[in-house]
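My notes follow in the order I looked things up.

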There are 2 protein chains.
Amino acid sequence: MKTLRLGLAGFGTVGSGLAKILHENREIIVSRTGREIAITTVLVRDAARKRAVPIGAEARFTTNPDDLLGEDIDVVVELMGGVDAARSLITRALESGKHVVTANKHLLALHGPELFALAASKGLGLFYEASVAGGIPIVQTLRESLGANRIERLTGILNGTANYILSEMTTNHLDFGTALKQAQDLGYAEADPMLDIEGFDTAHKLVVLIRLAYGRDFPLGKLPVRGITQVSGQDIQFAREFGYRIKLLAQAREVDGKIEASVQPTLVKHTYLLARVGGNYNAVRVEGNAVGPIMLHGQGAGGAPTGSAVMADIMALCRGLNAPCASFDNTGFGNTPLPPADILPKGEGVSMHYFRFSVTDKPGVLASIAHTMAEHDISIAQAVQKGEHQSSDVPIVFLTHKARQSAVDEIIRIIDGLSVTLRPTVHFPIL
Amino acid sequence: MKTLRLGLAGFGTVGSGLAKILHENREIIVSRTGREIAITTVLVRDAARKRAVPIGAEARFTTNPDDLLGEDIDVVVELMGGVDAARSLITRALESGKHVVTANKHLLALHGPELFALAASKGLGLFYEASVAGGIPIVQTLRESLGANRIERLTGILNGTANYILSEMTTNHLDFGTALKQAQDLGYAEADPMLDIEGFDTAHKLVVLIRLAYGRDFPLGKLPVRGITQVSGQDIQFAREFGYRIKLLAQAREVDGKIEASVQPTLVKHTYLLARVGGNYNAVRVEGNAVGPIMLHGQGAGGAPTGSAVMADIMALCRGLNAPCASFDNTGFGNTPLPPADILPKGEGVSMHYFRFSVTDKPGVLASIAHTMAEHDISIAQAVQKGEHQSSDVPIVFLTHKARQSAVDEIIRIIDGLSVTLRPTVHFPIL
């Protein structure tokens, strides 16, 4: 069988991780796929730079994207990140008849449907296991293993940097800035960590997972996203007292045929496995109407775990191409276009909630807040008020029973307008 | 596209679970596979018995296996269990050109290689996701998603009944008999629970997983197997005091190119996710040299979760058959015959250990046991002796550092021969 020839775009952490796997595990890979796989061309910014990674004498480095589109490439592996250049490269690769493997969640979240349509029209594979949760095989699991299920709920911890920061704030009582600095020193966070901590990276991944779970396209712009910069040490401490951990959760579920989805810091009961996902690990919990709850846990980033997922896609392409004819269903829905998701209006979502009100310590303040909540049908499950004697700024924390989002938004508007309220109310949902 | 026609062998928990999924999730399944799937024939013991499960008017019940081999069946789904009749049916089905989906770990453990060879010679699919860990997609994950990894270690809780019993003994302090009775009342355990509690069911599953992870055939008869009947409440309590839980673990790892594997009750540190697998849940932890540690957690049995896995296999067949030509790699190693595993001799295994010695309370007994261990290079990490004053039967518990199995066997032989030893020494490895 002919060697499968890869053209890599990008040779950073994941690209060099992939080359290392291909080098070290060559024998295993060949025994499984029945053919050699070689990196023949690598698109980089600086082709002259020396690189320590073993990549095969035949590989050439280039700065010209056209070099990935020639006769000598079977599969373009896009690991360069970013949106515009990657979109152009993948489009041109598919138009040139190349299969594509990508780890680019941002690109897929924004332009997935267009790229899937192009791949389908050409009968090509466009695989993306590495785009969500690194080495955890959640794309494969949703697309194939759980394919017979109606997915009732999908919950994920999908950003290792955010989870590391929250874990350090919880376990070692670090403040946000120190924990972030530590994540950066350990190489977890990007130099500009905005995508990680503001929840956008998690949002990109959730859009990809919603397509796989529901066969619907949920526009990124319609997804409510909150990051972890709003989580204070004080909230983490209050949550702990009630038996919860705060996690940055991606969530999607189907409610009467409508999809409700969000990315936000969320209180998770400490006995749940999701609460125990520590450090920079990722996890995805899927509840199917047949399979029940399934959880997958592992490394969500890094060169080797992500490279493992990229390699799994390349091997899947190999297996397909080993047949005299190949057929690739990239979305898990037979290459039919994905209709837009019917989205649950934001106000209609129902959840338990955590509220922290910052108020002046005057008689009747707690009663008046509680009264406002009762008027809006929000029922309080647990409460704590912790003020120093005569303190002018007192936190009041309420945990509520299930409440409608519209009522939650309304009471926050009212309470934040009260003269006794000193700072905007902090609130997170409870899983 | 033509309807895919299934012939079911067996209509117990899993068979009726499958029929229910096909009925309830029909729309999802068709949207993913692009074709209808129908159960046309069901092989049962009593064809006249009324059944409450929706299965489609066209389905006929029969007691004649030949009815599964005719022109009107595309896929034989073997859910009857047992070895001989199932082996004969699957062999005949493959010889008749039918694809096969099976949940039968016992059959695969004993006769997998012969059946895989037959399927390969006919170019047919022989799929078995449901044979290990119910709804957890561990077969798919090992065969495909982690295919680029050298698997360094595989650890599984693969029998829900055994895990339920151990969990109840640990959490609710039930004795073995009461916990087993409870598992039977809940429908978890088989009427004859011997396969569950003696570890054989777990062993069957481990043999299947070793093939997928290592591409080697590990003969069932060469696998050391210990069940949970040897685990007493006393041992669970001692383990807890040291911060461990006792779990029935299937384990395999590669040591210098040799495979070490076993099924035995094992102490697991309470902070590990595996220690937190409760009730009748299953979990599999896989450590790959690229992906790092991955854990999958979910329902390991029951009609709906197992039916979900069976249906995933049927849908994978569909996807394959949707191409003008189909190619099926059932083992994940390109249909080449699996060579026998090079097995690590039992004495060469290295592990930390838990020992409970039952001895007469005489001066110097602890010292003499400790001395015997030291002589055999077994180093004690923690010790506890708990005797009532003047009691004649005292448990001495040692947790050791890493020790060779041959030394462990030898000191047990020596200590069990001492006159002060009242009952055989209990010992379990520590993960």
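**Entry 1: the sheet.** The model is predicted, and I keep that in mind throughout. I began with S5(A) and S6(A), which are joined by 2 bridges and run parallel. Opposite A:Val100 I found A:Leu126 in S6(A).

Then I looked up the whole sheet. It is open and has 6 strands, in the order S3-S2-S1-S4-S5-S6 of chain A, with parallel pairing. Strand S3 (60-62) and strand S6 (126-127) of chain A stand at the edges; each has a single partner strand, so one side of each has no neighbour in the sheet.

**Entry 2: strand S4.** Next I took S4(A), residues 75-78. Strand S1 (residues 4-9) of chain A runs parallel to S4(A), with 4 bridges between them. A:Leu6 has A:Val75 as its bridge partner in S4(A). With strand S5 (residues 99-102) of chain A, S4(A) also pairs in the parallel sense, over 4 bridges. There, A:Glu78 has A:Thr102 in S5(A) as its bridge partner.

How does the chain get from S4(A) to S5(A)? I traced the path through helix H3 (residues 84-95) of chain A, and this β-α-β crossover is right-handed.

I also checked the side chains of S4(A). In a regular strand, side chains alternate between the two faces of the sheet. Here A:Val75 and A:Val77 point one way, while A:Val76 and A:Glu78 point the other way. All four are buried.

**Entry 3: a glycine in H1.** I picked A:Gly17, which lies in helix H1 (residues 13-24) of chain A. Is A:Gly17 buried or exposed? I found 23 other C-beta atoms within 10 Å, so A:Gly17 is buried; the cut-off for buried is 20 or more. Leaving aside neighbours within four places in sequence, A:Gly17 is in contact with A:Gly303, A:Ala304, A:Thr306 and A:Gly307. I also noted A:Val53, which is 36 residues from A:Gly17 in sequence and 8.5 Å away in space, C-alpha to C-alpha.

Entry 4: I moved to helix H1 (residues 13-24) of chain B. H1(B) has 12 residues and reaches 16 Å from its first C-alpha to its last, close to the 16 Å expected at 1.5 Å a residue. Its buried residues include B:Gly17, B:Leu18 and B:Ile21. The buried residues of H1(B) pack against strand S1 (4-9), helix H2 (26-33), strand S2 (37-43) and H11 of chain B.

**Entry 5: domains.** Chain A is divided into domain 1 (4-134 + 303-322), domain 2 (138-299) and domain 3 (346-430). The C-alpha centres of domain 1 and domain 2 of chain A lie 27 Å apart. I looked up their contacts: 14 residues of domain 1 touch 16 residues of domain 2 in chain A. Which helix gives the most to the domain 1 side? Helix H4 (residues 105-122) of chain A does, with 7 residues. By class, that side has 8 nonpolar, 4 polar and 2 charged residues.

**Entry 6: where the chains meet.** Between the chains, 53 residues of chain A are in contact with 54 residues of chain B. On the chain A side, H11(A) supplies the largest share, 10 residues. By class, I noted 25 nonpolar, 22 polar and 6 charged residues on that side.

S11(A) and strand S11 (residues 292-299) of chain B run antiparallel, joined by 3 bridges. A:Leu296 has B:Leu296 as its bridge partner in S11(B).

**Entry 7: an enclosed helix.** Why is H5(A) largely enclosed by the rest of the structure? Because 8 of the 8 residues of H5(A) are buried. Among them are A:Ile138, A:Arg143 and A:Glu144. The cover comes from both chains: it includes helix H9 (200-214), strand S10 (281-288) and S11 of chain A, as well as helix H5 (138-145) and helix H11 (303-322) of chain B.

**Entry 8: two aspartates in loops.** A:Asp256 has a phi near 50°, a positive value in a residue other than glycine. I found A:Asp256 in the loop between strand S8 (244-255) and strand S9 (258-269) of chain A. A:Asp256 is exposed, with 8 other C-beta atoms within 10 Å.

For A:Asp377, phi is near 65°, again a positive value in a residue other than glycine. A:Asp377 sits in the loop between helix H12 (365-375) and strand S13 (380-385) of chain A. With 11 other C-beta atoms within 10 Å, A:Asp377 is exposed.

Definitions and conventions
Residues numbered from 1 in each chain as written. Chains lettered and ligands numbered in written order. Predicted model: local features only at pLDDT ≥ 70, side-chain atom pairs only at ≥ 80, totals over all residues. Buried ≥ 20, exposed ≤ 12 C-beta atoms within 10 Å, placed from the backbone. Pairing = 2+ DSSP bridges. Right-handed = clockwise from strand over helix to strand, strands pointing away. Domains from an automatic or database assignment. Contact = placed C-beta atoms within 7 Å. Nonpolar A, V, L, I, M, F, W, Y, C, P; charged D, E, K, R; others polar. Expected span 1.5 Å × (residues − 1).
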